[in-house]
Amino acid sequence: MQKMAEKKLLYGNLAVFLFSIAAALVLIISISTSILINAISEYLRKSIEERLLSAGRSVAHLVTPEELAELLTPEDMEKPLFSEIRNRLIAFAKESNLLFVYYLRPQDNGMWQFIMDNDESEEAVNLATDPIADEAAPRQALNEGRAVTVDLGTYSPGYDQILSAFAPVFDRTGKVVAIAGVDISDAELMSTRSHTTNLSLMLIVSIIFVIVSGFLNFFVYKKKEAVFSRRFKQQELMALLARSFISAQDITSVINDALRVSGEFLKTGRMLIAIADPGAVGDSAGQSRVLYVWCRIPTITTAPVMEGLNGIITSFPLEQPDDIPLISCDAVSRHPRFHVMDKVGVKAFIMAPLYVDGEFWAVLSVEECQAPRKWTESDRQLIITLSSLIAGAVNRGLREKERDTARIQAEQASQAKSVFLANMSHEIRTPMNAIIGMTSIAKSTQDIKRKEDCLKKIEDASNHLLGVINDILDMSKIEANKFELSFTDFNFEKMLQKVVNVVNFRVDEKELDFSVFIDKHIPVNLYGDDQRLAQVITNLLSNAVKFTPEQGSIRLKAELEKPEKEENGACTLRISVADTGIGITADQLGRLFSSFEQADSSTSRRFGGTGLGLVISKRIVNMMGGDFYVESEPGKGSTFTFWVKVKRGTPQQKLLAPGAGWKNIRVLAVDDAEDIRKYFNDIAQGMDLSLQTASSSKEALELIEKNGAYDIYFVDWKMSGMDGIELSRRIKEKSGASVVIMISAAQWTTIETAAKTAGVDKFLSKPLFPSAIADCINQCLGQDNLVLDAGPRPEKTDDFAGRRILLAEDVEINREIVITLLEPLSLVIDCAENGAQAVELFSRDQEKYDLIFMDVQMPEMDGYEATRRIRAFEEERRGGRAPALSGAPADASPVPIIAMTANVFREDIEKCIAAGMNAHVGKPLDLEEVIATLRIYLPPRPPVAF
């Protein structure tokens, strides 16, 4: 093994060894070459010096001492000799390629006087030129009596970059009488020297650079080789982790193994997964807890709860971003924000968030516990990959749990729906059996009363069946997310009155004590969906009546939350329905608001129903911004309470008629029920009315004896001791002018004879409503003799005489029903059995019909297509292109078309409107809805002027 390692080391470093030898040889050669270049440069310089020295000597021989002796003063420059010698210099300079050639004569004062030069310009120097200061080179030639040169770049001020030589001019005695000077430019020499020097330096630097680059390349190669090797191992690790995360192994074991393997690869001290506990309170506030942990060194401990870690952990985005963010620190001691990590023995760390279902769940923390550490990009990539794998595994585990839960829920839902369908079969077949059976009986009997009884039972069974179908339709809307609210202004009390009227018959049948209490602070008008709100209250009251035994009690209470809790103009309405019925067990409460389930879902249960009413009601309440809660105890009854958000509607005037002195009207309410007396007091305060209450007939007579007769009496029929009939008789005996109003939950027909005999003036049915009490008082104002009101006053009958409508309906019995229902309205009705016939009848005379009732589903041509064709006729008419069969004027108004169909979903209504229809009425027909629609689209015609 050792020999193999040595051989591998030798082969791995052989290239470096050979490159080092080659680099050394090249460096030696480059140094030698540089020395040689410098030697050549020096030889060139010396050659130029020799040339200058020779030129200087030659110039010294161009003139004799005697000739120079004749040129002493500026006046001597006029002599022909001066010009002759100057011409010699000019000719020599041109032949020798010299810049300047000149003679200098030393002065006694150490100065030098130019005699002449070869310069032909105005800057020429001569005997007239001022003497110049002493210079070293000419002085050296004078003193030593030989030719000399100056160093490169040095001459005299103003004459840089000139190379000069000076040679002495001797007289016959050997005395130096003048100095001959020659100048050439040193640019060529300096350039050559600079180039050779630079070339030498560049050669050496290049070689050194090549050598250094070679060694660096080897170093980088080795480093990259190590990086690639690490990356390859990292990829192998990630592949191993990926395989382990998709294995069937337990998720906890997989995560623990992944932390161990990754920690060993990163050579770090600790790896853990921690989760912040945002819901912690008290001593646990601001703490975090460890879910998984791996430590390289057993002595390293963890702090599962450490205050301050939450701040770091929860700093990650709560929702998953596009790129996974990291928090890293190479040395926690240098970052105050991360000092808490030092408390748990961490010197450096990287944290990566784990997102499950796109939401922040926990963090993966990779921690170095021995010393600070520089985290590499490779480390970060591995941590990001590991965090993604762990998050994916957790996600997959949740999906598997959800899948198992969904499977169980699906099985339970399937079972619940099977039970529901069995119950629905029972619920639908029961009224259908009554309808079919009673129809057969009515057909076979000749007894009118028996026929009427059968028809009444058929009507009851039909209404029950319609209620079952409506519940199923509402539930289907909820499951299809097409259940919507329709908001409008409505009178809250009148809405409650309608609801109470629906259940009053069953209340009377079971002799239940039914009371309604309305908070006086509730506005008269509210803005919301009154129909859906009424549906919820009706469902709760119907259930209360259904599950409350005879002579039990039901209490409906409506309250308004405090005004200071109102937000953005919305107030909270709280409504509760309490009964003394059979109650609900804890197990049944858990299933109460589940779809297709009832408290008792067996077909042998005592009480019928779809089991959807509460589910639908809860959905409605939730859509109105509220919720339900239920309190119940088996055998003692239940209280269903819900609250909804509504807005205050249009303010309305007071209930009592204005202009009267109501405080002077004295009212006495007599009832043995404390709640009723309190209710009367609340109503009186709201109306600013003078009212007193008595708990018995005896107390009432005592108050009358003490205070005198009252103007108006509200007397309960059934009271302990003396009942309301006897009390009314005594009141009338004492003061016949007073008005006595009897209140009772019983039907008026039950007590009518005895009440009239006792002198009772009016009757008011329980449960009581403020507006009903106010109406009674308003009617009593100023009237001395009141006629007993035994029931509601008949409304004015609608009369549509002379109006003609077209009914498009393919089912004969449906046409018969519509014709019979509308018979009292004096309408003329033409019928079409399909859309094609309707279009044909309309096209014959477009002014003939005032309105069209259009079924949607018909053979040959449906109602949508028929409506579109009728609207096309009208469009052509308005455009002046009326069809040949139409004799209608071009400016005739479009005929109202009303959809009359069993398709009652919102999308069905929208489809009718999109086809060109004006409105929609649903089947089975509600006569009041049909008449209300006729009032809108067939308004009374203006009187004809004569």
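Analyst: With a term. Helices (H or I, at least four residues) and strands (E, at least two) are DSSP runs, numbered from the N terminus. This is a predicted model: local features need pLDDT of at least 70, side-chain atom pairs count only at pLDDT 80 or more, and totals for chains, interfaces and linings use all residues. Residues are numbered from 1 along each chain as its sequence is written, and side-chain values use heavy atoms, with hydrogens and water left out.

User: OK. Where is glutamine 113?
Analyst: Glutamine 113 sits in strand 2.

User: Is glutamine 113 buried or exposed?
Analyst: Buried, because its relative accessible area is 10%. Buried means under 20% relative accessible area, exposed over 50%, partly exposed in between (1.4 Å probe, protein chains only).

User: Which residues does glutamine 113 touch?
Analyst: Leaving out residues up to four places away in sequence, glutamine 113 touches Tyr103, Leu104, Arg105, Gln107, Asn126, Leu127, Thr129, Asp130 and Pro131. Contact means heavy atoms within 4.5 Å.

User: What lies 3.3 Å from a polar atom of the glutamine 113 side chain?
Analyst: The backbone oxygen of asparagine 126. A polar contact is a pair of N or O atoms within 3.5 Å; within protein, one must be able to donate a hydrogen and the other to accept it, and residues adjacent in sequence count only if both atoms are side-chain atoms.

User: Rings next. How many aromatic pairs in the whole structure?
Analyst: The search finds 11. Rings of Phe, Tyr and Trp (its six-membered ring) pair if their centres lie within 6.5 Å; planes under 30 degrees apart count as stacked, over 60 as edge-to-face and the rest as tilted.

User: What kind of pair do tyrosine 102 and phenylalanine 114 make?
Analyst: Edge-to-face, because their planes are at 70°, with the centres 5.8 Å apart. The pair links distant parts of the chain, 12 residues apart: tyrosine 102 is in strand 1 (residues 100-106) and phenylalanine 114 is in strand 2 (residues 112-117). Both tyrosine 102 and phenylalanine 114 are buried.

User: And what about tyrosine 102 with phenylalanine 166?
Analyst: That aromatic pair is edge-to-face too, at 6.4 Å centre to centre and 65° between the planes. Phenylalanine 166 is in strand 4 (residues 162-170), 64 residues apart from tyrosine 102. Phenylalanine 166 is buried, as is tyrosine 102. Ring pairs link Tyr102, Phe114 and Phe166 into a cluster.

User: How many bridges join strand 20 to strand 21?
Analyst: 5 bridges join strand 20 (residues 712-716) to strand 21 (residues 739-744). In strand 21, valine 739 is the bridge partner of isoleucine 712.

How values were computed. Two strands pair if DSSP finds at least two bridges between them.
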